[in-house]
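Biologist: Hi! Could you walk me through this model when you have a minute?
Modeller: Happy to, let me put it on screen.

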Amino acid sequence: LYKDESNWTDGVLYIDNCLIAAQSTISDAYNIKEGTRVIAGNAFRACTSLTTINIPNSVVSIGSGAFNFCFALTSITIPNSVTCISDYTFNECTSLSSLTLPNTITSIGECAFRNCSTLVSFEIPYSVKSIGKAAFMECRNLTSSITIPEGVTCISDSAFYLCTNIPSITLPPTVTQIGNHAFYDCFSLTSINIPKNVTTIGEY
C-alpha cells in the first residue's frame, strides 16, 4: 500500500474513508478530505513542518500519537464527532497555542498534551470523565486556572507535572484519588481544594 503511489494524495495515504499516513515532508496547512472517518495512529507523526490541520466533522476517531512530534503545529479544532483524545495525540506539539475541544470528549489519554509548552489556556470539557497519566505534563506556559469536571475520579500520576504557571486548580467532589507527582513542581499554584472523598494522595 505504501509503495503504490496511486493510493497517495498530496503526500497523504488514504484507504477508503481512513487517513492512514502522511509523509514527513508535508508542510504548512493541510485539509483532511471530507468524508474521512478515521485518522490512524501516528498518521502525522513527526510532520515537523505542519502548521495547521483542518479536521472535518466526518471524523469520529483519532488514533494514538496521530500528531506526535508535530513541532510546528500551532492550532487545531477537534470536531464534536470525536469522543476521545487518545494517548500521545499531541505529545511534544511545542508550538500548539490554540486548541478547541468539544463537549463530546469523555477521555483524555496518557501524555495526550505532554510538553505542549506554548499552550497558554486550556479548558477541560465538562464531558471528560478520565484524564490519563502525564496528560498535561510540562505544559509550562499554562497560566489559566484549571477546573477538573465532575465525574473524574482520579487525578492520574504526573497529570500536571511541571505545569509551573497554573495559579489554581479546582477538583470536583467525585475525585477519590490523587496520583504520584500529580502537581509536582507546580511552582505558581496558590490554591487547590482537596475533596472530602479523596482517600489516597500519592508521592510527591
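**Strands, cores and cysteines**

Modeller: Let's start in the sheets: Ile53 stands opposite Ile76 in S8. This is a predicted model, where local features need pLDDT of at least 70, side-chain atom pairs count only at pLDDT 80 or more, and totals for chains, interfaces and linings use all residues. Residues are numbered from 1 along each chain as its sequence is written, and side-chain values use heavy atoms, with hydrogens and water left out.

Biologist: How many bridges join S6 to strand S8?
Modeller: There are 2 bridges between S6 and strand S8 (residues 75-77), and the two run parallel. Strands here are DSSP runs of E with at least two residues, numbered from the N terminus, and two strands pair if DSSP finds at least two bridges between them.

Biologist: And which strand pairs with S6 over 5 bridges?
Modeller: That is strand S4 (residues 27-31), again in the parallel sense. Within that topic, Asn31 has Asn54 in S6 as its bridge partner.

Biologist: In what order do the strands of the open sheet come?
Modeller: The order is S13-S15-S17, 3 strands with parallel pairing. Strand S13 (146-147) and strand S17 (191-192) are the edge strands, each pairing on one side only. S15 and S17 share 2 bridges, and Ser168 stands opposite Ser191 in S17.

Biologist: Switching to the inside: which residues touch the most other members of the largest nonpolar core?
Modeller: Phe44, Phe67, Phe90, Phe113 and Phe136 do, in a core of 59 residues. A nonpolar core is a set of buried Ala, Val, Leu, Ile, Met, Phe, Trp, Tyr and Cys residues joined through side-chain atoms within 4.5 Å. Buried means under 20% relative accessible area, exposed over 50% and partly exposed in between, with a 1.4 Å probe and protein chains only. Strand S2 (12-15), strand S3 (18-22) and strand S6 (49-54) are the elements that give two or more residues to this core. Apart from it lies another core of 5 residues, including Cys111, Ala134, Met137 and Leu162.

Biologist: What is Phe90 in contact with, beyond its neighbours within four places in sequence?
Modeller: Its partners include Phe67, Leu73, Ile76, Phe113 and Cys116. Contact means heavy atoms within 4.5 Å.

Biologist: Where does Thr89 lie?
Modeller: Thr89 is in the loop between strand S9 (84-85) and strand S10 (98-100). Thr89 is buried, with a relative accessible area of 1%. A polar atom of its side chain lies 2.6 Å from the backbone oxygen of Ser86. Leaving aside neighbours within four places in sequence, Thr89 is in contact with residues including Ile62, Phe67, Asn68 and Ala112.

Biologist: What about Ser158, buried or exposed?
Modeller: Ser158 is buried, at a relative accessible area of 14%. Its place is in the loop between strand S14 (154-155) and strand S15 (168-170). Past the neighbours within four places in sequence, Ser158 is in contact with Ala134, Met137, Asn180, His181 and Ala182.

Biologist: Last topic, then: how many disulfides does the count come to?
Modeller: The count is 0 disulfides, taking a disulfide as a pair of cysteine sulfur atoms within 2.5 Å. For Cys111, the nearest cysteine sulfur is that of Cys139, 10 Å away.

Technical notes:
Helices (H or I, at least four residues) and strands (E, at least two) are DSSP runs, numbered from the N terminus. A polar contact is a pair of N or O atoms within 3.5 Å; within protein, one must be able to donate a hydrogen and the other to accept it, and residues adjacent in sequence count only if both atoms are side-chain atoms.
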